[in-house]
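Welcome, and please take a moment to look over the structure below. The notes after it walk through a few of its features, one region at a time.

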Amino acid sequence: MARSDNGTHYDVIIIGSGAGGGTLAYALAASGKRILLLERGDYVRREKENWSSEAVNLKGRYQTKETWRDREGKPLHPHTNYYVGGNTKFYGAALFRLREEDFGELRHAGGVSPAWPISYDDLEPYYTRAERLYAVHGERGADPTEPPASAPYPHPAISHEPRIQQLHDDLATWGYHPFHVPLGVKLDERDPRQSACVRCDTCDGFACLVHAKSDAETCAVTPALAHGNVELVTGAYVSRLETSASGREITGVVVEQGGATSRYAGDLVVVSAGAINSAALLLRSANDRHPTGLANASDVVGRHYMGHTNSVMMALSRCPNPTVFQKTLAINDFYFGTEDWPHPMGHISFVGKLDLHALKAGAPAVAPGWTLDLMAKHSLDFWLTSEDLPDADNRVTLDRDGRIVLSYRPNNLEGHERLQGVLKQLMRRQRCRLHGDACHDGLFARNFFLGERIPLAGVAHQNGTIRFGRDPKTSALDPNCRAHDVDNLYVVDGSFFPSSAAVNPALTIMANALRVGDHLLDRLGARRPA
């Protein structure tokens with residue numbers, strides 16, 4: 001039995017502590033098996049800047065400083081974060097289930113979204129467990145596209161503030177079905193004085209200073225570490241995976257830490273570094289038995305990168321919008337299309353309330369007579385998500401120096417353009433007591449490109465680069481997320497998605513990690529925790 005440089009042999013080594021890896025560590029913690037969690041970053045430092053829009057949005061204080069390349073070889077500075085808890089430390093905590101139909105084949109205007117090798121019913125019990133683990137607030141039955149659920153949300157929906165409630169009531173009057181966004185925050189509106197969450201305006205895109213956001217560190221990693229059999233090593237960059245002579249098993253995890261190189265060994269190795277970095281790790285680990293990268297006999301590793309087609313649209317009104325916690329309302333009436341256009345369009349919700357610094361970072365077009373500060377105080381800030389389709393040429397590769405190259409060309413755009421048009425029509429219908437139908441002053445896009453050639457959200461919702469499936473010729477992983485080519489290698493971040501759907505992928509990653517956790521407990525012969 002191979003041992004690590006520290007003399008320990010682990011039952012499971014997990015690379016990455018975000019939505020997938022952190023949740024999996026939690027799922028395995030009570031088994032008594034020796035679990036090692038490797039994280040390339042450290043804990044987010046608790047400091048005033050956690051809640052500073054200038055520090056977060058303008059200065060990028062918590063973003064990685066590494067440089068990738070785009071398909072033309074130009075520098076790309078990814079808006080991603082390496083910390084314990086992964087990108088969930090900075091996400092907006094919108095925790096949606098995929099729609100039941102998203103697991104089957106769906107025809108879009110721009111092509112076909114492929115079926116998954118598992119059904120919604122296979123994942124449903126784990127969605128329920130993930131919602132409990134991540135303290136999701138929501139309301140069953142209000143979303144017309146909501147899939148069936150075996151239990152109510154563990155916590156009541158978060159209330160709308162007056163401006164958002166007004167929009168909710170208008171949409172309902174017009175015959176639509178607005179609903180409360182399922183959110184993972186530790187908010188108790190019945191007892192605000194004792195509530196961990198203070199309902200601030202720095203949740204979406206910020207680390208929570210008071211640990212009241214349901215991120216992977218708070219909800220999964222910290223509870224897992226309470227078990228003596230779980231160990232966390234931070235500052236541990238995994239440079240490659242080594243295999244046996246046959247190539248059928250991982251025998252070593254090579255880690256660079258503080259200028260030194262060490263090796264760890266375990267029975268099972270689980271990669272969960274995010275769809276981009278996980279693909280890059282498997283490609284870096286090429287050897288004689290795996291000349292194009294680990295788990296890549298099918299040549300799909302790094303391919304089919306998806307990240308949604310996202311846009312932020314600011315609806316300007318003459319009336320101010322004093323909302324603090326804005327991200328409570330969504331509408332899915334157009335998710336699968338309309339009678340007039342029977343193709344999927346996508347999902348409409350909100351981002352956290354934008355301010356002057358966020359607008360400076362995003363450089364929106366300025367409406368005549370408006371300043372950025374005035375726009376921020378008078379805007380409703382919508383988040384629109386549409387499905388991008390898997391394209392083998394949208395991919396992660398490595399350049400000659402081993403740096404990540406991310407090649408991405410948007411596709412299936414007509415549905416998103418129609419969704420933007422729908423939002424414009426809806427906002428033109430709004431009336432107010434003071435200005436009547438003259439209150440709405442236009443819809444403006446906050447630009448996410450920033451000279452980087454791919455949208456920020458494309459990195460935030462990354463998935464698809466190590467897809468799972470039943471056919472080893474067209475997929476890298478089997479339905480349990482085990483590599484077809486390597487017996488003890490698993491992947492549990494968003495890499496396994498064969499399609500992206502049109503809602504935030506975080507809850508699906510968490511639920512799948514719990515599902516794979518049950519499989520690993522069976523494989524290890526461990527008793528499943530009650």
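Predicted model: local features only at pLDDT ≥ 70, side-chain atom pairs only at ≥ 80, totals over all residues.

Two strands count as paired if DSSP finds at least two bridges between them. Strand E19 (residues 395–398) pairs with E20 in the antiparallel sense, over 4 bridges. Within that pairing, Arg395 stands opposite Ser407 of E20. The two strands form a hairpin, with 5 residues between them. In the turn you will find Gly402, which has a positive phi of about 80 degrees.

E20 also has a parallel partner: strand E3 (residues 68–70), joined to E20 by 2 bridges. Here Asp70 is the residue opposite Leu406.

## An open sheet of three strands

Elsewhere, 3 strands form an open sheet with mixed pairing, in the order E8-E7-E10. Strand E8 (155–156) and strand E10 (183–184) stand at the edges; each has a single partner strand, so one side of each is left without a neighbour in the sheet.

Strand E7 (residues 136–138) runs antiparallel to E10, and 2 bridges join them. Val136 is found opposite Gly184 of E10.

## Helices H3 and H11

Two packed helices are described by the angle between their axes and the distance between the axes. Helix H3 (residues 120–133) packs against helix H11 (residues 506–524) at an angle of about 110 degrees, and their axes are 8 Å apart. Angles of 65 to 115 degrees count as roughly perpendicular, so H3 is roughly perpendicular to H11.

Several residues on each side make the contact. On H3 they include Leu123, Tyr126, Tyr127 and Arg129; on H11, Met510, Ala511, Leu514 and Arg515 are among them. Sorted by class, the contact has 8 nonpolar, 5 charged and 2 polar residues.

## Helix H1

Is helix H1 mostly covered or uncovered? This helix spans residues 21–29 and is mostly covered, with 8 of its 9 residues buried. The buried residues are Gly21, Gly22, Thr23, Leu24, Ala25, Ala27, Leu28 and Ala29.

## Cysteines

How many disulfides does a search of the whole structure find? The search returns 0 disulfides. Cys203, for instance, is in no disulfide: its nearest cysteine sulfur belongs to Cys200, 6.1 Å away. Cys203 counts as buried because its relative accessibility is 16%, and the cut-off for buried is under 20%.

A disulfide calls for sulfur atoms within 2.5 Å. Cys432 is buried too, with a relative accessible area of 15%.

## Gln257

Our last stop is Gln257, which lies in strand E13 (residues 250–257). With a relative accessibility of 30%, Gln257 counts as partly exposed.

Which residues does Gln257 contact, leaving aside its neighbours within four places in sequence? They are Val233, Thr234 and Gly235. Val233 is 24 residues from Gln257 along the chain, and the C-alpha atoms of these two residues are separated by 9.5 Å.

Definitions and conventions:
Residues numbered from 1 in each chain as written. Heavy atoms only, no water. Axes fitted to C-alpha atoms, helices over the stretch in contact; angles between N-to-C directions. Parallel < 35°, antiparallel > 145°, perpendicular 65-115°, else oblique. Contact = heavy atoms within 4.5 Å. Nonpolar A, V, L, I, M, F, W, Y, C, P; charged D, E, K, R; others polar. Buried < 20%, exposed > 50% of the residue type's maximum accessible area, 1.4 Å probe, protein only.
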